[in-house]
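Please read the points below beside the model.

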Amino acid sequence: MYAGLTSKIVDRLERLATPDVRERVALLEKNTNEYGYDEFGFSRDWLRRVVGLSSWLYKNYFRVETHGIENIPPGRVILAGNHSSQMAYDGLLIITSLLLECDPPRHPTGMAGHFFFNSGMYSQLMPRIGQVNGTKENCQQVLARDQLALIFPEGDRGGGKTIFDRYKLMPFKHGFMRLALDSNTPIVPFAFIGGEEMVPSFSRMESLAKRAGMPYFNLSPTGVLPLPTKCSIYFGKPLAFSGASSDAAQVGAHVAVVEDRVRELIATGLARRTSIF
Amino acid sequence: MTTTLIAGPGAKRADGLLLHLTKLGPTWLHEDPLSLTVDRLRERSVSAVVYLPDPGHWHGMRSEAHAFKGLLDACNEAGVAKLVLLSCHRVYGASSQHSLFLPETTAWSTNDPCPAVRDLVAIDQAAMGRVHNGAVRVVVLRPVYVLGGALGSSLEPYLSAKFVPAVFGFDPMVQLVSALDLQRAIELVLSHPELEGAYNVTGAGSVPLSVVARERGVKRTRLVGRLGLMLNEWAVRAGHSRMPNTALSFLTHVLSVDGSRFAAATGYRPRVPLVPLVSGTECTQEEKGASVRPVASAKEPAHAPQRA
């Protein structure tokens with residue numbers, strides 16, 4: 001029964017993948033083995049199916065507009081921006097945008113929270129579409145392979161914001177900056193607009209969530225389903241930093257620069273937005 | 001003439017290994033480390049010991065740590081030059097918090113819920129306590145999941161059980177190494193007298209656990225919730241499953257290690273490619289012939305002449 005249901009879902013997702021999506025996924029530079037998996041667990045087949053669905057959502061449901069994608073330089077890059085949408089829909093749409101809008105198509109490896117890897121389905125899905133546990137060592141491995149790392153430096157505090165705190169940037173963690181300094185990697189700041197209203201949450205219910213080993217639960221009238229908000233992604237100019245990663249004061253100052261840039265991009269995006277939907 | 005002693009409860013299943021090691025000199029197979037005294041090691045002119053813990057020991061493993069420590073002491077006193085412990089990467093434990101490609105410096109999973117893993121950690125710790133701290137040079141090999149033989153951290157017992165559990169929604173990537181490559185790794189350790197310390201040993205690559213099961217034609221039962229756990233516990237008690245509930249974290253979380261240090265130290269490169277390894281067709285006819293025991297088995301009397 002389970003196998004039959006799985007194959008039906010897979011068939012449906014395969015049908016959603018347009019020829020353009022298929023071609024772009026095939027063009028990605030990934031060292032996959034004879035079974036189609038890379039050493040992180042990424043699979044083109046899985047990505048094609050997921051992007052088959054997400055590209056439809058990207059174009060028709062969220063009607064995503066991407067600005068400044070040409071600012072992403074080739075080679076290893078850290079993409080750092082604001083987090084929202086409770087269920088990491090923003091991450092999925094950013095992955096989709098890079099795949100559909102970049103020429104040649106690119107695929108960022110997202111640094112996901114530990115809790116994703118504790119829950120069934122997510123634990124399987126995340127690595128297959130190229131997302132890894134967000135540890136320092138994993139990010140080092142990604143950058144050492146000259147790949148793109150997608151980081152939300154606010155962490156789960158950003159992803160699980162309530163509607164009352166929408167577009168308020170939580171303090172950035174400093175790990176991404178240390179990694180950038182150590183590996184001499186440029187940082188491309190970005191702002192995701194539309195994610196805060198997508199799954200409007202009224203409470204994080206942290207005490208209840210902790211019992212389930214989660215950082216938060218969202219109390220939302222839509223549950224985990226997103227509203228069809230109009231989304232836009234703004235990529236800023238790459239920022240290059242230098243200095244010692246052990247100098248906490250310097251790292252803090254660099255992080256503040258990135259925070260300010262993301263804040264500016266959010267303000268630009270909100271000013272240009274005519275309607276939430 | 002010096003001899004390589006292959007000791008430990010896993011020794012009886014290491015037939016192929018024996019043939020490979022005989023290229024380096026005679027070998028002596030002895031399963032019970034408790035009966036190995038200093039005099040017996042000297043009598044046989046043992047120059048190296050390869051200790052093989054019980055393979056596939058997810059369930060019902062007896063505590064070997066005490067016997068292993070005794071063997072370490074005996075080796076030290078008898079002037080044995082090298083001791084190789086075939087540990088496994090499971091000593092790091094499986095956790096959602098782990099990074100990929102763990103180095104050898106990763107902490108042991110001393111509080112692992114699985115008693116078999118804790119036992120292996122105790123043996124590994126005892127061996128590491130003697131690195132740079134005694135006459136005998138100790139090398140601890142921590143291979144990833146082994147396919148193609150009941151050696152070290154073999155996946156074969158899990159795959160060959162009547163009831164093969166999987167946890168619903170989880171399908172971790174598993175790193176795989178061929179038993180033949182692992183034998184070559186042991187051979188390399190024995191041929192590098194200066195080598196000491198712990199080394200991860202990796203193979204041709206990694207695939208999801210479901211792919212290994214599919215390629216081997218194994219039908220897995222997906223456990224869901226408490227009922228699934230109860231079912232598995234029942235299967236373990238009835239002898240149908242080899243994965244107790246305490247070891248299920250290895251079916252849910254990725255455990256991958258970095259084997260570059262061993263490759264750099266010895267020039268080791270896995271020879272068995274991924275597809276034949278996963279599909280179980282890696283053994284050539286010549287290699288299959290390696291299952292013939294070339295030397296004295298432990299069941300023979302201690303004074304039995306060596307046939308190697």
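1. In chain B, the side chains of Arg216(B) and Glu156(B) meet in a salt bridge, with 3.3 Å from N to O; the term stands for a side-chain nitrogen of Lys or Arg within 4 Å of a carboxyl oxygen of Asp or Glu. Arg216(B) lies in the loop between helix 7 (209–215) and strand 11 (220–223) of chain B, while Glu156(B) belongs to helix 5 (residues 156–160) of chain B, so the pair ties together parts that are 60 residues apart in sequence. Helices (H or I, at least four residues) and strands (E, at least two) are DSSP runs, numbered from the N terminus. Arg216(B) is partly exposed, with a relative accessible area of 24%, where buried means under 20%, exposed over 50% and partly exposed in between (1.4 Å probe, protein chains only).

2. Please keep in mind that this is a predicted model, in which local features need pLDDT of at least 70 and side-chain atom pairs count only at pLDDT 80 or more, whereas totals for chains, interfaces and linings use all residues. Residues are numbered from 1 along each chain as its sequence is written, chains are lettered from A and ligands numbered from 1 in the order in which they are written, and side-chain values use heavy atoms, with hydrogens and water left out.

3. Over all chains, the structure holds 23 salt bridges. Salt bridges that share partners join Glu14(A), Arg22(A), Asp45(A), Arg48(A) and Arg49(A) into one network. Elsewhere in chain A, Lys168(A) and Asp165(A) meet through their side chains in a salt bridge of 3.5 Å, N to O; Lys168(A) counts as partly exposed at 46% relative accessibility, and Asp165(A) is partly exposed as well, with a relative accessible area of 26%.

4. Which residues of helix 2 of chain A are buried? In this helix (residues 19–27) they are Val21(A), Arg24(A) and Val25(A), and, seen down the helix axis, they fall within an arc of 100°, so they line one face of the helix; the arc is that of the directions from the helix axis to the C-beta atoms. The face turned away from this buried side carries the exposed residues Pro19(A), Glu23(A), Ala26(A) and Leu27(A). What covers the buried residues includes helix 3 (44–61) and helix 4 (89–101) of chain A, contact being taken as heavy atoms within 4.5 Å.

5. An α-helix has 3.6 residues a turn, so residues three or four places apart point the same way. Arg24(A) counts as buried at 11% relative accessibility, whereas Asp20(A), at 34%, counts as partly exposed.

6. How many residues of chain A are in contact with chain B? There are 25 of them, and they touch 24 residues of chain B. The two chains bury about 2000 Å² between them, 57% of it on carbon and sulfur atoms; this buried area is the accessible area (1.4 Å probe) that two parts lose on being put together, summed over both. The count between the chains is one salt bridge, in which the side chains of Arg128(A) and Asp171(B) meet at 3.8 Å, N to O. The elements that give two or more residues to the side of chain A that touches chain B are helix 5 (122–128), strand 4 (132–133) and helix 6 (136–144) of chain A.

7. Some backbone details deserve a look in the model. A cis peptide bond, with omega of about -5°, joins Asp103(A) and Pro104(A), and Pro104(A) sits in the loop between helix 4 and strand 3 (109–112) of chain A. In chain B, Ser45(B) has a positive phi of about 50° although it is not a glycine, and Phe101(B) likewise has a positive phi, of about 55°, without being a glycine. Ser45(B) is found in the loop between helix 2 (38–43) and strand 3 (46–51) of chain B and counts as partly exposed at 33% relative accessibility. Phe101(B), in the loop between strand 4 (82–86) and helix 4 (115–128) of chain B, is buried, with a relative accessible area of 12%.
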